[in-house]
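Me: I am new to this structure and would like to learn how its features are read, one after another. Could we begin with the idea of burial and then work outwards?

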Amino acid sequence: MKYPQAIEHLVRLFTKLPGVGRRTAERYAFDVLIRWKEAEVSEFQEVLAQVKNSITTCGQCGVFTDAAECPICLDRQRRQDLLCVVASAREVYSLENTKEYRGQYHVLQGLLSPLDGRGEEILGLAKLIRRIEENDVKEVVVALDSTLEGDATALFIKQKLEDYPVKVSRLAFGIPLGSALEYVDGGTLARAFVGRAIF
Ligand SMILES: [Zn+2]
C-alpha cells in the first residue's frame, strides 16, 4: 500500500539529507506526523524558511555569519599572513574548535569533481591570489579531506600557487587516508594542524 501523497512527499524531502536513506526518511516522516506537536512543526517550518536568509557568507573569506561583519576577518588578533583553505564553511568550526589555528580562511565551494560539474570556478582562485598578494601571506594551509577529490584539489591549488612566494602546506599527520575532515575528532585534527607538512 502506498503512503498518502503528503507523507510520501515528506519522505522524499528527508532523503535529501546526507546519510538519510529511504527507511530513515520514513521514520522521520512518521515521527513528525505522530509525535510532533503543532508548535514544533511550526517552529521547524519557520527556522527552515529563515535559515538561508538570516545567515550571510563573508564576501572575503566565505565563513558563515549572522552578524554584519565576519567574526574571523574582523578579529585583528589573528595572523594576516597565514591562510587556511577548507572545502566548506562548516569545516571552519571544526578547525576553530581545535584552537590550534589563528589565521585567516579561504572557503571553497566544494572539492574539484569534473564528473559532477565542479570545476576550477568553485575554488575562487582569483580571490585567493589577491588576498595572498595584498596581505603578504607567507603560508597557505590546505585543509582538505584525505580522499581522491581532496588530493586532486590540493594538488591543483598547489600548482596554481607555484608562481607566488608562498609556502603551501597540507594537513596530513594523523588523518586516516580516505577520511572526510568532518569525521576526524578534535584531538587528531589539532595534531594534524601542528604536524602539517609542505608538499
Ligand atoms: Zn571573513
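Reply: A residue is called buried when its relative accessible area is under 20%, and exposed when that area is over 50%, with partly exposed in between. Please keep in mind that this is a predicted model. Of the 199 residues of the protein, 38% count as buried.

Me: Which residues of helix α5 are buried, and where do they lie around the axis of α5?

Reply: The general idea is that an α-helix has 3.6 residues a turn, so residues three or four places apart point the same way. In helix α5, which covers residues 89–98, the buried residues are Ala89, Glu91, Val92, Leu95 and Thr98. Because these residues cover an arc of only 140° around the axis, they are on the same side of α5. Just after α5 comes Lys99, which takes a positive phi of about 60°.

Me: Is Gly110 buried or exposed, and where is Gly110 found?

Reply: Here the cut-off of 20% decides. Gly110 has a relative accessibility of 17% and therefore counts as buried, and its place is the loop between β4 (104–107) and α6 (125–134). The C-alpha atom of Gly110 is separated by 4.9 Å from that of Ala87, although the two residues are 23 residues apart along the chain.

Me: Which residues coordinate the zinc ion, and what is the arrangement of the donor atoms?

Reply: The zinc ion is coordinated at 2.3 Å by the SG atoms of Cys58, Cys61, Cys70 and Cys73. The arrangement is tetrahedral, because the 4 donor atoms subtend angles of 106 to 112° around the zinc ion. Along the sequence, the donor residues follow the spacing C-x2-C-x8-C-x2-C. Cys61 lies in the loop between β1 (56–57) and β2 (64–65), whereas Cys73 lies in helix α4 (residues 71–74), so this pair ties together parts that are 12 residues apart in sequence. Both Cys61 and Cys73 are buried.

Me: Which residues form the nonpolar patch on the surface?

Reply: The patch is formed by Val51, Ile55, Phe64 and Tyr93, which together have about 340 Å² of accessible area. Phe64, which lies in strand β2, has a relative accessible area of 39% and is partly exposed.

Me: How many helices and strands does the protein have?

Reply: The secondary structure comes to 8 helices and 7 strands, and the C-alpha atoms of the protein fill a box of roughly 65 × 35 × 35 Å, taken along the principal axes.

How values were computed: Residues are numbered from 1 along each chain as its sequence is written. This is a predicted model: local features need pLDDT of at least 70, side-chain atom pairs count only at pLDDT 80 or more; totals for chains, interfaces and linings use all residues. Side-chain values use heavy atoms; hydrogens and water are left out. Donors are N, O and S atoms within 2.8 Å of the metal (3.2 Å for Na, K and Ca); water is not among the atoms, so sites may look incomplete. Four donors count as tetrahedral if all angles lie between 85 and 135 degrees; four count as square planar and six as octahedral if opposite donors are over 155 degrees apart and all others between 65 and 115; anything else is irregular. Helices (H or I, at least four residues) and strands (E, at least two) are DSSP runs, numbered from the N terminus. Buried means under 20% relative accessible area, exposed over 50%, partly exposed in between (1.4 Å probe, protein chains only). Patches are made of residues with over 30% relative accessible area and no salt bridge: like charges are joined within 9 Å, nonpolar side chains (Val, Leu, Ile, Met, Phe, Trp, Tyr) within 5 Å. Accessible areas come from the Shrake-Rupley method with a 1.4 Å probe; for residues, only the protein chains shown count as cover. A salt bridge is a side-chain nitrogen of Lys or Arg within 4 Å of a carboxyl oxygen of Asp or Glu. The arc is that of the directions from the helix axis to the C-beta atoms.
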